[in-house]
Amino acid sequence: MYEDAWYSFVPEAGKSAAKNSASHGHKRNQSLLQQPNATGKGQQASQSIGTGAYLGEDNGPPEASLLRRAASYADCRHARKAGNEDGRRTKKANRKNRNWEALILDTEANKLPISFEGVQQTSDVYSEQLLEASQQEYLLYRDQLSLTERHLDGLINDADTTLALLSKLSKSFQSVEEQTTMFQAQCEELLTEQKRLEKLADEVGTDYYYYAYLDTATRRLNAPNAGRLVDDESFGEMVENIDACIAFMEDHENYRERDSYLARYNALLIKCLHLLDHGFSARLEKVSSDIAKQLAATKSESTRHALAYGRFEEVLSDSYALLPNIHRVARRVYDQYGRFDAEIRNSSIFSSSTLSMLRTYLTTRDRDIKTLTLHDVEEYQKEIKSLSLETASRNYIKQTLERVQNENSLFVKVFNIEPSWNMANDSVFQSIKTVQTTMVQPGNLQPMAAQLQAAFQTADIQSVCSVVGWIADEYGISESDDDEEPIAPKQYREYAARLLVDHLWPFVDNIFEGEITKTITKGAVADDALKIGPVVDGISSSNAYPLVRTATALLRMFDRAMPKERSVCTHFSW
């Protein structure tokens, strides 16, 4: 806390003065009280005192040197011996100098009368001075120690004061801690109560929302311009909110007036979907009428294709939120591939509205592109006469499958559902399959199959097998290696497979059954034909019976028209 130099700030005046003082005068023997190691300063002080006492010099007391401690008896004895030895050595040397020292004595001082009392007083004064001079260093140490003691006492007092203050603060902190603990407990109780009230308020507010939304939805749907809501983004949110309110009322049977609100919400949902259906029908009618006029006015095949698909999609999509709202309603109960989800609430209402829009769309499209459909049929009939059945059928199948793919892409853009093949009765595929149209659509390939079957009725069985086999080879229906990639896209292969499985293969089976009945079962064979003749051109079957050769030829044609796995499972009644 304090530096060492602070305690030694008293200058050593006595020491410096003792060094500079010169001792001249009468030499005396050293006292036995003299320190054995006190040389120089102590001798000079004793010599000065002796000279002043006997010679009467009035120069003041000499400055005494500080002694560290009082000499013991042993030290005095050693000092006496050392003094005697030094006296013997210096006795002879100083004997000649004594006469000279005697001459220096003040004659006036010798003349003064010397009394015992004066000498006693002078001795006392010099003794006090000598004692003070000898204790000078100890007095300095005492002063330093006293000063240090005062500072230490001050530090102790400060430490005591600090400890008392800290103790007081500790007690205050303990009191504050007790109060803080109590306050914290009260705050936690208040927070718990606040959370409980917030939760209760949220529950009440949530329940109240399902009741209060009825007025908002009723006011919007009963407005004069409610039909415009179907072209706004908020319409889809309103349908979802009404459906959520219906679900809430169904889950809480004990709520007040639950049945009344449930019936009113169901009525609002039906009205929303009716408005959507009506808005879509009006929009579709407006677009299709313009496209139909343009299709009737043009004679170019490429222009008709662009109007029927590209322009139709562009104009129909030119709305703010009609198609997105249709997507939200259709995907409410159907997935991407048209599979129905019966676990959705109000699925029957959403499904009924979606299927109604699907039928409206397909009927309108059939009416709009009826010109293109009739044109394709006429071209097919002409090519059969001008070219051949096989060539005409291949061209017609390619063009028709392309139209099916275009209709499928347009259907996905409008409803956000791809009508993939599905045997479930509640799927989109089975629903649109029942829609009777003259055009070919993804769910109904019957018009194309009907035209092909009509052409195959009058054709020979070999040409029919050639066309059917070409379809299987061209679109990857027949057996192929796994490493080979199919040539046709996935949708084309699906359409070709459905055409063969649902329509052409059963038709070919009937043709073969009729041919077998006509040529083998009920065929007349002459007796001369039952003879085995010679083999022709190295063919072992050339001399077989006529019925065998006919059956072999039918099997070759059947194998050409059918895949191997289907041919193995097919049995003929011979």
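**Figure 1. Salt bridge of Arg 339 with Asp 335 in the predicted model.** Arg 339 is partly exposed, its relative accessible area being 46% (buried means under 20% relative accessible area, exposed over 50%, and partly exposed in between, with a 1.4 Å probe and protein chains only). Its salt-bridge partner is Asp 335, and the closest N and O atoms of the pair are 2.6 Å apart; a salt bridge is a side-chain nitrogen of Lys or Arg within 4 Å of a carboxyl oxygen of Asp or Glu. Asp 335 is likewise partly exposed, with a relative accessible area of 22%. The structure is a predicted model, in which local features need pLDDT of at least 70 and side-chain atom pairs count only at pLDDT 80 or more, whereas totals for chains, interfaces and linings use all residues. Residues are numbered from 1 along each chain as its sequence is written, and side-chain values use heavy atoms, with hydrogens and water left out.

**Figure 2. Salt bridges of Arg 367 with Glu 285 and Asp 368.** The side chains of Arg 367 and Glu 285 form a salt bridge with an N to O distance of 3.3 Å. Because Arg 367 belongs to helix α12 (residues 347–368) and Glu 285 to helix α9 (residues 258–297), this pair ties together parts that are 82 residues apart in sequence. Helices (H or I, at least four residues) are DSSP runs, numbered from the N terminus. Arg 367 is partly exposed at 45% relative accessibility, and Glu 285 is partly exposed at 38%. Arg 367 also forms a salt bridge with Asp 368, where the closest N and O atoms are 3.8 Å apart. Asp 368, at 4% relative accessibility, is buried.

**Figure 3. Salt-bridge network of Glu 250, Asp 251 and Arg 345.** These three residues, Glu 250, Asp 251 and Arg 345, are linked by salt bridges into a network. The salt-bridge count for the model is 15.

Figure 4. Apart from neighbours within four places in sequence, Thr 373 is in contact (heavy atoms within 4.5 Å) with Thr 438 and Met 439. The C-alpha atoms of Thr 373 and Met 448 are separated by 9.9 Å, these residues being 75 apart along the chain.

**Figure 5. Packing of helices α14 and α17.** Helix α14 (residues 389–415) packs against helix α17 (residues 461–474) at an angle of about 30°, and their axes are 9 Å apart. Axes are lines fitted to C-alpha atoms, for helices over the stretch in contact, and angles run from 0 to 180 degrees between N-to-C directions. On the α14 side the contact is made by Leu 389, Glu 390, Ser 393, Arg 394, Ile 397 and Lys 398; α17 contributes Ser 463, Ser 466, Val 467, Trp 470 and Ile 471.

**Figure 6. Cysteines Cys 187 and Cys 245.** Cys 187 is partly exposed at 25% relative accessibility, whereas Cys 245 is buried at 0%. The count of disulfides (pairs of cysteine sulfur atoms within 2.5 Å) is zero.

Terms used:
Helix = DSSP H or I, 4+ residues; strand = E, 2+ residues; numbered from the N terminus.
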